Amino acid sequence: MTLLLLGPPERARAWRPIFDVAGEELVVGEDAVQDPSAITHLACWTPPADVGRYSNLKAVISTGAGVDQMPALPPDVALVRTLAPGIDAMVRDWVLMATLMLHRDMPRYLEQGAHGEWCTHPPRPASAGRVGIMGLGRIGRAAAASLSSLGFDVAGWSRSGHPVDNIEVYGHADLAAFLARTDLLICLLPLTDETRGLLGADVFSSLPEGAALVHAGRGAQLDMEAMRNALDAGRLRAAMLDVTEPEPLPQSHWAWIDPRVIITPHTAAETDAVEGARHALAVIRATRDGSALPGLVDREQGY
């Protein structure tokens with residue numbers, strides 16, 4: 001079996017020795033492909049438009065945790081997301097940072113600092129912060145555990161409503177009740193038809209007045225103009241975003257200069273190259289053994 005890797009040179013430099021030691025074939029870049037029919041696995045962020053030329057392709061591995069950027073693939077080609085512990089930890093850390101920044105009014109202090117204004121505001125203990133996490137996958141559960149350990153009152157919302165240790169979980173039908181008790185909303189949802197545009201006027205109007213938003217899901221889930229209206233109306237007091245629609249956000253976009261909004265350029269996490277290579281090897285071995293592919297995506301359930 002042979003894997004074709006598409007991506008930055010530094011990733012290839014990390015993957016090459018790992019594949020050599022494992023005795024697996026690695027081809028880097030399409031220009032190096034001599035026989036397209038020899039390619040059985042493709043690792044990339046997005047596949048090339050002519051992916052059909054790889055007639056024996058068995059799986060496409062997203063080099064990140066996300067797969068919503070992937071186009072439709074032939075039905076006999078598996079889609080796999082990279083499972084790397086480092087991704088989960090980095091996103092969790094970003095969420096903790098953003099939550100603490102908003103809880104302690106950092107946007108307000110940054111604006112004051114830009115004008116040389118020394119003015120204090122009463123700090124609130126973590127126990128006074130009601131945090132609500134939308135999306136209770138691995139990262140959502142990790143963030144919930146960490147924030148709970150800091151003293152925050154944490155609840156979660158998911159489509160299934162499956163219980164999670166030590167936090168109250170609201171199901172799909174209980175969204176209004178979940179939002180009503182949430183002073184700081186964290187979105188970690190995957191992008192699906194149901195979640196596209198979910199963070200809009202209806203959600204913001206259901207939050208308590210003066211709530212805050214932490215968004216590390218997908219940019220297309222957030223209606224930026226609805227967020228702006230909620231900020232202007234006082235329904236939201238601040239937001240911290242790692243994802244936007246579009247990406248990159250145009251330099252002239254209003255959110256860059258709005259002091260109530262802090263933006264990081266989709267940098268909450270990046271797949272560790274060594275972890276990514278090891279996961280790709282696990283996918284190849286599972287394919288060879290006929291066992292379940294780690295990170296396999298059920299495309300019928302949405303990305």
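Helices (H or I, at least four residues) and strands (E, at least two) are DSSP runs, numbered from the N terminus. This is a predicted model, in which local features need pLDDT of at least 70, side-chain atom pairs count only at pLDDT 80 or more, and totals for chains, interfaces and linings use all residues. Residues are numbered from 1 along each chain as its sequence is written, and side-chain values use heavy atoms, with hydrogens and water left out.

View 1. Let us start with H4 (residues 138-149), a helix of 12 residues. From its first C-alpha to its last, H4 reaches 17 Å, close to the 16 Å expected at 1.5 Å a residue (the expected span is 1.5 Å times one less than the number of residues). Ile139, Gly140, Ala143, Ala144, Ser146 and Leu147 of H4 are buried (under 20% relative accessible area with a 1.4 Å probe, protein chains only; exposed is over 50%, partly exposed in between). The cover over these buried residues includes helix H2 (85-103) and strands S6 (130-134), S7 (153-157) and S9 (184-187). Just after H4 comes Gly151, with a positive phi of about 105°.

View 2. The structure holds two aromatic pairs; rings of Phe, Tyr and Trp (its six-membered ring) pair if their centres lie within 6.5 Å, and planes under 30 degrees apart count as stacked, over 60 as edge-to-face and the rest as tilted. Trp15 and Phe19 form a stacked pair, 5.8 Å centre to centre with 10° between the planes. Both residues belong to helix H1 (residues 9-22), where they sit four residues apart, about one turn of the helix. Trp15 counts as buried because its relative accessibility is 3%, and Phe19 counts as buried because its value is 0%.

**View 3. Phe204 in the largest nonpolar core.** A nonpolar core is a set of buried Ala, Val, Leu, Ile, Met, Phe, Trp, Tyr and Cys residues joined through side-chain atoms within 4.5 Å. The largest one has 31 residues, and Phe204 and Met227 touch the most other members. Helix H7 (residues 224-233) supplies the largest share of this core, five residues. Apart from it lies another core, of 30 residues, including Ile87 and Ile139. Leaving aside residues up to four places away in sequence, Phe204 touches Leu199, Leu213, Leu222, Asp223, Ala226, Met227, Ala230, Arg235 and Leu236 (contact means heavy atoms within 4.5 Å).
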